[in-house]
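Here's a quick tour for anyone meeting this structure for the first time. Have a look at the sequence and the model, then read on.

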Amino acid sequence: MLLNMLSWGILIPTGAMVARYLRQYDPIWFYSHTTIQSLAFLIGFAGIICGFVLEDRLSVDVDRHKALGIFILVLACLQVIAFLARPAKQSKVRKYWNWYHHTLGRILILLAAANIFYGIHLGDAGTAWNVGFAVTLLALFSTAIVLEIRMWMTK
């Protein structure tokens, strides 16, 4: 559970925020974004493997949670493939690639947060886990709002 919370719930949104709000630090923003997202992907993959092992050992029924987790993993794999097939900045199709990459990333972040809360519920982890993760998301979201306002004010 902790691996998935860290990867899909904290690192992936943080990496997205780096890409959105730190572009003035080129090329550091790009290398930071890809490093954070790659690390998050690997940790998340390990977390999903742990989830399969745990499900098998406990003989529990978590089909919806597992299906959503696999779907999230597939979306993340599509992001990795998109990164590898990224067109050049001058390419006419780059704007469509950007649209695809940004939209899919946002969908992935929303689904991952929902699945983490669902996993907390299924695991009977209690209110403290829900509150802790909600506070973490609120901190990330609040930071994004401040950075978004700052970005719009400097344009």
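What follows is a short briefing, grouped by topic.

This is a predicted model, in which local features need pLDDT of at least 70, side-chain atom pairs count only at pLDDT 80 or more, and totals for chains, interfaces and linings use all residues. Residues are numbered from 1 along each chain as its sequence is written, and side-chain values use heavy atoms, with hydrogens and water left out. The protein chain has 5 helices and 0 strands; here helices (H or I, at least four residues) and strands (E, at least two) are DSSP runs, numbered from the N terminus.

**The overall picture**

- Reading from the N terminus, the elements of the protein chain go α-α-α-α-α.
- Along the principal axes, the C-alpha atoms of the protein chain fill a box of roughly 50 × 30 × 20 Å.
- Of the 155 residues in the protein chain, 32% are buried; buried means under 20% relative accessible area, exposed means over 50%, and partly exposed is in between (1.4 Å probe, protein chains only).
- Take the contacts in the protein chain with a separation of 6 or more: 70% of them come from residues 24 or more positions apart, where contact means heavy atoms within 4.5 Å.

**How α1 packs on α2**

- Two packed helices are described by the angle between their axes and the distance between the axes.
- Helix α1 (residues 2–21) packs with α2 at an angle of about 165 degrees, and their axes are 8 Å apart. Axes are lines fitted to C-alpha atoms, for helices over the stretch in contact, and angles run from 0 to 180 degrees between N-to-C directions.
- That makes α1 and α2 roughly antiparallel to each other. The cut-offs are under 35 degrees for roughly parallel, over 145 for roughly antiparallel, 65 to 115 for roughly perpendicular, and oblique for the rest.
- The crossing of α1 and α2 is left-handed, meaning the near helix is turned anticlockwise from the far one by less than a right angle (right-handed if clockwise).
- The contact of α1 with α2 involves 18 nonpolar residues, 8 polar ones and no charged ones. In this scheme Ala, Val, Leu, Ile, Met, Phe, Trp, Tyr, Cys and Pro count as nonpolar, Asp, Glu, Lys and Arg as charged, and the others, Gly among them, as polar.

**How α2 packs on α3**

- The axes of helix α2 (residues 28–58) and helix α3 (residues 63–84) come within 11 Å and cross at roughly 150 degrees. So α2 is roughly antiparallel to α3.
- Their crossing, α2 with α3, is left-handed.
- On the α2 side, the residues that meet α3 include Phe 30, Phe 41, Phe 45 and Phe 52. Across from them, the α3 residues include Ile 70, Leu 73, Cys 77 and Phe 83.
- By class, the contact of α2 with α3 has 11 nonpolar, 2 polar and 3 charged residues.

**The loops**

- Asp 26 and Pro 27 are joined by a cis peptide bond, with omega about 0 degrees. Pro 27 sits in the loop between α1 and α2.
- Ser 59, in the loop between α2 and α3, has a phi near 50 degrees, a positive value in a residue other than glycine. Ser 59 counts as exposed, at 66% relative accessibility.
- Asp 124 is in the loop between α4 and α5 (127–153), and its phi is also near 50 degrees. With 68% relative accessibility, Asp 124 counts as exposed.

- Met 17 lies in helix α1 and, at 15% relative accessibility, counts as buried.
- Leaving aside neighbours within four places in sequence, Met 17 is in contact with Leu 22, Leu 140, Thr 143, Ala 144 and Leu 147.
- Trp 99 is in helix α4 (residues 94–122) and counts as exposed, at 61% relative accessibility.
- From C-alpha to C-alpha, Trp 99 and Leu 110 are 17 Å apart in space and 11 residues apart in sequence.

**The cysteines**

- A disulfide is a pair of cysteine sulfur atoms within 2.5 Å, and by this rule the count is 0 disulfides.
- Cys 50 is in no disulfide, and the nearest cysteine sulfur, that of Cys 77, is 17 Å away. That is too far for a bond.
- Cys 50 is partly exposed, with a relative accessible area of 43%, and Cys 77 is partly exposed too, at 32%.
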